[in-house]
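Subject: The structure, and what turned up in it

Hi,

Here is the structure I promised to pass on. Have a look at it first, and then read on for what was found.

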Amino acid sequence: MLTGCEVQAHNDSLGCELPNVDLTRTFSTEDIKVLHQTSDDAGGILVFTNQNPSMTIHDHVRFAQQMADYSHTVIEPHSVAQGHSEADEVLEIVREASARVTFGENWHSDNSFHEETCSFSILRGVEVPRLGVNDTLFSSTADAYDALSPTMANLLLDLTAYHSANRAYGVGHPGNSRAAMENTTTMQMRSAAPILERDVLQPLVIVHPTSGRRALFASPTFTTRIEGMQEKESNAILQFVYEWIARPEFCTRVSWQPNQVVMWDNRITSHKGLADDLSERRVVQRVSIRGGAPINHRGQSFSKTHKMEAASAGLF
């Protein structure tokens, strides 16, 4: 469901609106299978509009659990931020009116710093601003990879890069996600967050486990450097990747309205929250589903075997 505003987002084939799927109901295995396939067919973005106004945080978790059960996996509570008081699996993301730093405002794929990264994120609008502002921008990282020249695609194919939770959630940077949390009245850090201590190595190009599509897997929020390169070499390639992913032809913009849920596949998309109007408060709640260790075209994964001391807090 695209915003009515003129925006630099031109990928009209990315995403699918499903206005008549009631997420408070119990789904059959076949229903969940269809949702998975629909997600693959839509490039990894499903927008569930017209949800029951009585939908609760527990309905949200129940739907996520059904998605997780189908893939024989689990819901992944946020490893750094405290969960909601009524359901620890739920991360409530608050953007206060006139906030100077916004949580999730830079491009990223959720939980890319985990050994087993996030497959689906399911986001429910709780307190949303007027239609067309403070939307969510998505990029198809699979379309972005497909559009590379053969030479550049082959150059990136076997590269690996480190992903860091501490980069976004560590102490000492005024513009990272931790700073954004500290500028709210409700978002708090967990008392213990061992994931901040080590960074993990991931393929720069990953293969989606069901569709087989190749996708770029790096972000200015969590990625620190390419393994085996000098800093200037790494930065140059990462800068190219970030700018390439953000090109309008790979992007679509989802507007928020009451009673709406958006689900996306982090393995073939990247996203960022927009803060184009700071006059209104926004509250959304996210549930994340654990996927597997990202693999490259050779079937290799590195996140469980290749780690290093965490990078300092910062931004690319």
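Which residue in strand 14 is the bridge partner of Val-94? The partner is Val-283. Before going further, a word on how to read this: it is a predicted model, in which local features need pLDDT of at least 70 and side-chain atom pairs count only at pLDDT 80 or more, while totals for chains, interfaces and linings use all residues. Residues are numbered from 1 along each chain as its sequence is written, and side-chain values use heavy atoms, with hydrogens and water left out.

Val-94 and Val-283 are bridge partners in a pairing between strand 3 and strand 14 (residues 282–290), which is antiparallel and has five bridges. Helices (H or I, at least four residues) and strands (E, at least two) are DSSP runs, numbered from the N terminus, and two strands pair if DSSP finds at least two bridges between them. The sheet itself is open and mixed, with six strands in the order 1-2-12-4-14-3. Strand 1 (16–17) and strand 3 (91–95) are at the edges with a single partner strand each, so one side of each has no neighbour in the sheet.

Helix 1 (residues 29–41) packs on this sheet, where it touches strand 1, strand 2 (45–48), strand 4 (118–127) and strand 12 (261–265). Contact here means heavy atoms within 4.5 Å. The direction of helix 1 makes about 120 degrees with that of strand 2; axes are lines fitted to C-alpha atoms, for helices over the stretch in contact, and angles run from 0 to 180 degrees between N-to-C directions.

**Helix 2**

Helix 2 (residues 57–70) lies across strand 2, strand 4, strand 12 and strand 14, at about 25 degrees to strand 14. Its 14 residues should span 20 Å at 1.5 Å a residue, and the end C-alpha atoms are 20 Å apart, which agrees. (The expected span is 1.5 Å times one less than the number of residues.) Among the buried residues of helix 2 are Ile-57, Asp-59, His-60, Phe-63 and Met-67, and what covers the buried residues includes helix 1 and strand 14. Buried means under 20% relative accessible area, exposed over 50%, and partly exposed in between (1.4 Å probe, protein chains only). His-58 is also in helix 2, but is partly exposed at 40%.

After helix 2 comes His-72, in the loop between helix 2 and strand 3. Most residues other than glycine have a negative phi. His-72 is exposed, with a relative accessible area of 76%. Asn-259, in the loop between strand 11 and strand 12, also has a positive phi, about 60 degrees, and is partly exposed at 32%.

**Cores and rings**

The largest nonpolar core has 30 residues, and Ile-45, Phe-103 and Val-262 are among those with the most contacts inside it. Such a core is a set of buried Ala, Val, Leu, Ile, Met, Phe, Trp, Tyr and Cys residues joined through side-chain atoms within 4.5 Å. A second, separate core of 25 residues includes Met-55, Phe-63, Met-263 and Val-287. Phe-63 also belongs to a cluster in which ring pairs link Phe-27, Phe-48 and Phe-63.

The whole structure has eight aromatic pairs. Rings of Phe, Tyr and Trp (its six-membered ring) pair if their centres lie within 6.5 Å; planes under 30 degrees apart count as stacked, over 60 as edge-to-face and the rest as tilted. One of the pairs is Phe-113 with Phe-222, edge-to-face at 4.8 Å centre to centre and 75 degrees between the planes. Phe-113 is in the loop between strand 3 and strand 4 and Phe-222 in the loop between strand 9 (214–216) and strand 10 (223–226), so the pair ties together parts 109 residues apart in sequence. Phe-113 is buried at 2% relative accessible area, and Phe-222 is buried at 3%.

**The three-stranded sheet**

Another open sheet has three strands in the order 11-5-13, paired antiparallel. Strand 5 (residues 136–140) and strand 11 are joined by four bridges, and Phe-138 stands opposite Thr-252 in strand 11.

Best wishes
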